[in-house]
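Welcome! Take a look at it first, and then read on.

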Amino acid sequence: MRFLALTGIQAALLALITAGAIVGLYFLKLRHRRLVIASSMLWGRVLDERQAQSLWEKLRRLISILAAVVIGLLIALAVARPEIHWLTGGGERTLLVLDTSPSMLARTSDGSTRWERAVAAALRTVNASAPSSEFRVADTAGRIDAAPTTDRREIREAIERMKPVSGTPSFPEKDTETAHVRFITDGVVSLALPRGTVRESVFEEADNVAITAFEIRSTATSALAYEAYLEIHNYGSRDRETHLAISGAGGQHIERTLNLKAGGEFGGSFDLSKFEGGGIRATIQAGGDALSLDDTAFAYLPIDRTAKTLLVTNGSPYLEALLKLDPLVDLTIIKPGQYQPDPSFDAYIFDGFAPMSAPPRPALFVGEVPNTNWLPQSKGTLAKPRFATWAEDHPVMRYVSLHDVALERAVQIENMEAQVLAETSDHAPLILASPEQQRPRWVLMAFSLKNTDFPLHSGFPLFVDNALGWMSREALALRRQPGVISVPLAQAEVKRLNGDRLESYARGNLTMFEAAEPGLYIATHEETRQYVAVNLASPQYSNLNKTVSLKDAPAAVTAGWLQQELWFYMLAGAALLLVVEWLTYHRGITV
Amino acid sequence: MAPTVSLFDDEFLKKLEYLSILSKRLFAGQLKAERRAMRRGTGLEFADYRQYVAGDDFRHLDWKAYLRLNKLILRLFEEEEDLPIYMFVDASQSMSYGNPTKFDYGRRVAAALCYIGLSNLDRVNVVAYANKVKGELQPQRGKGRIFRVFKFLEEMTTGGETNARESFKTYCTETRRRGLCVVISDFFDTSGFQSGLDILRHFKHDIFILHVASHEEVDPALKGELVLVDSENNVSREVTVTPSLLASYKAEYHRFCTDIESYCSKYQLGYVRTVTDFPFEELVLKVFRQGRFLK
């Protein structure tokens, strides 16, 4: 036996004081009412006879005082919250983890979802546990990790706040005071569990046809030619006829019926050249599908338009020729002395020149530009540098090869925060770009076109086009999964395609918002807009039948006899005794 | 005590005048009255004949018998004398209990009986007793003395413990004529009610008992923790009055009354029990007549 609210000594002291006080008060209680009667002769006979005959008469006072002491002790010790392990069970801390991966949203044969089953199992575990048992409730998404508590209401609220989301699942760390760990899961996501974890399965086999990939990408032939890449998997045990529909903002659509074998997949590209720019939606329909979250996917198709570009140069034949040939560029050429900041242009290209203050629009700097206070400083000259590495995954360097590009001379740039797109083997940057979040963007070439054969290479026009695209054209949508989403825009306003605003909050240079369902979202900050395509698109979650807890059975919950803490029964007992004492007192059975 | 006289209205007193106290036995009286005596005398009712002897009152000779029989035969008549009535009123402290008090109720009954006795020219003695004789009204005779009786009763006070044996013994050992003893009491006598009545029986008195009780004694409405204080001796007892204890008390009280009644029945004593909330007139006019104490 132990006490949750007091130490053993404190509880004993409380009991002693209570018992002493009750005994003292019992003997100090109000004197009996005096009543004069004609004669006590007959009363005397009755009382003498009763006292002589009844053991109860002798014990009555003792029993009354005992009852009073017991009532007092029950109340006093109830305050100390006693706990008897075999009577009330546990008292230990349990880490109760619910798997919140999206596969938990799969519908089961009885119409409920795996998640609803998991919540019911969790509540069942909590309800069946010992009243003094502590629960720390957490999910695998890292969104909820409630502090350990015995308050059943708080525990239930924490469980009810949880919901399945995408993200990198992780199992909460078990602290030293945790005695039991219970994990309620469908086993689709495999996690490293602490030793001794009791895994309770809510898995039930389910059919699912899912879009596992959907993205818009530019073709290699043109920066403004896009195609949609789509992957569909049938994770069910039966062949499925699946209807695929891709629809665009301008009413264009592609429809196809696919026959997917059990475990089979479809992957292919769809030409979107006839689609207007805007949101693109892909949906599949297959009978008996258990998870709807992966039946829809969204993407964004950038809108075609020419970029109004200002070239500031003293003469650059390569650049002028290239830009004039580009149908997506509306070119204006001026001398450096004529330069005035003009926000009506979409982009600037400065050849061997840099204004003292940052231009209002994105800019490409070519050649040895003078030092300014807003661009990386030059600190010397590099003789015959060679491109050693370049960032192929950066939009500016996509499809651009710098192999065999010769450089006669370049400026040695002191890089502070900029992205290095190409550098020498000595890590001297040769091409830099502004940080991702910085607006307006810029790209800096640390060498003049006169000192290189780069314009003669096939990668040059791609590089210029990529740079203009990255700086001034609409970007492709960010790809995210349902859950908490971050956008690299500070204090952006987030809306759905239909204009409904979503609650968002800023965290540093990021804006966070929660998207529970697939969709296309628009984050806007001042004049910068970023599309976010939220799709489940995950073979990991969509494969509902790949489980590690197939053989797990619901685990039995160990609990004591009593469903409430002992103090509850003690107070109830005290109340009952008080009622009995009151009744017997007023009937003169006790004194 | 409220003036006793005022409690007897004229109509009630008229009714009382038609009543007379019955005695089961004949007692020798002192003065001529309306009650048949043991001896032959000068009354109006013929009783017997006997031979004339010298010295007899020749006015009672039956001259017609002498003419027929030539013998002097004397006619005898019943003597009518008064009846000595001793009215013992318990004036112990326990009689002051109840509402109205048993003492007041007993005094009113005593006053009524005295009035009946005086109306019938009986000799009425009133004795107040507790642990001894507290007061005595000398024998009164004739209706005109009723106010003395009232005054005596009015001046009586309660106090002390009950000891009927000592009181009756003191009173009866003085030279007294035998007569009718009316004992009005609650009989809460720690030495036992029998001992007092035994004394009266010993002196060959005819005894009539009026057992007065209060409603609070018969059916006490007590409850809870109490200290019961005896009004006579101030002895106190702590008691928790429970329904079962009350039932036991009532059984004890019933046994107590039954004992008195049995005693009276055994020795052919008149016995009437009443409670103080029983209508006084009804007690006197009906109950006493039904109990053949009055006619």
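Among contacts in chain A between residues at least 6 apart in sequence, 68% join residues at least 24 apart. Please keep in mind that this is a predicted model.

**Chain A as a whole**
- Chain A contains 10 helices and 32 strands.
- Of its 591 residues, 41% count as buried.

**Where chain A meets chain B**
- On the chain A side, 21 residues are in contact with 30 residues of chain B.
- Strand 2 (33–37) and helix 2 (41–53) of chain A each supply at least two residues of the side that touches chain B.
- Helix 2 of chain A gives the most to that side, with 8 residues.
- Sorted by class, the side of chain A that touches chain B has 11 nonpolar, 5 polar and 5 charged residues.
- Strand 2 of chain A also pairs with strand 8 (residues 224–230) of chain B, in the parallel sense and over 5 bridges.
- Arg34(A) stands opposite Val227(B), which lies in strand 8 of chain B.

**Two packed helices in chain B**
- Helix 6 (residues 164–173) and helix 7 (residues 193–202) of chain B pack at an angle of about 15°, and their axes are 7 Å apart.
- Because of that angle, helix 6 of chain B is roughly parallel to helix 7 of chain B.
- The crossing of helix 6 and helix 7 of chain B is left-handed.
- Residues making this contact include Phe168(B) and Cys172(B) of helix 6 of chain B, along with Ile199(B) and Leu200(B) of helix 7 of chain B.
- By class, the contact between helix 6 and helix 7 of chain B has 6 nonpolar, 2 polar and 2 charged residues.

Terms used
Residues are numbered from 1 along each chain as its sequence is written. Chains are lettered from A and ligands numbered from 1 in the order in which they are written. This is a predicted model: local features need pLDDT of at least 70, side-chain atom pairs count only at pLDDT 80 or more; totals for chains, interfaces and linings use all residues. Axes are lines fitted to C-alpha atoms, for helices over the stretch in contact, and angles run from 0 to 180 degrees between N-to-C directions. Helices (H or I, at least four residues) and strands (E, at least two) are DSSP runs, numbered from the N terminus. Angles under 35 degrees count as roughly parallel, over 145 as roughly antiparallel, 65 to 115 as roughly perpendicular and the rest as oblique. A crossing is left-handed if the near helix is turned anticlockwise from the far one by less than a right angle, and right-handed if clockwise. Two residues are in contact if their C-beta atoms, placed from the backbone, lie within 7 Å. Ala, Val, Leu, Ile, Met, Phe, Trp, Tyr, Cys and Pro count as nonpolar, Asp, Glu, Lys and Arg as charged, and the others, Gly among them, as polar. A residue is buried if 20 or more other C-beta atoms lie within 10 Å of its own, exposed if 12 or fewer, and partly exposed in between; C-beta atoms are placed from the backbone. Two strands pair if DSSP finds at least two bridges between them.
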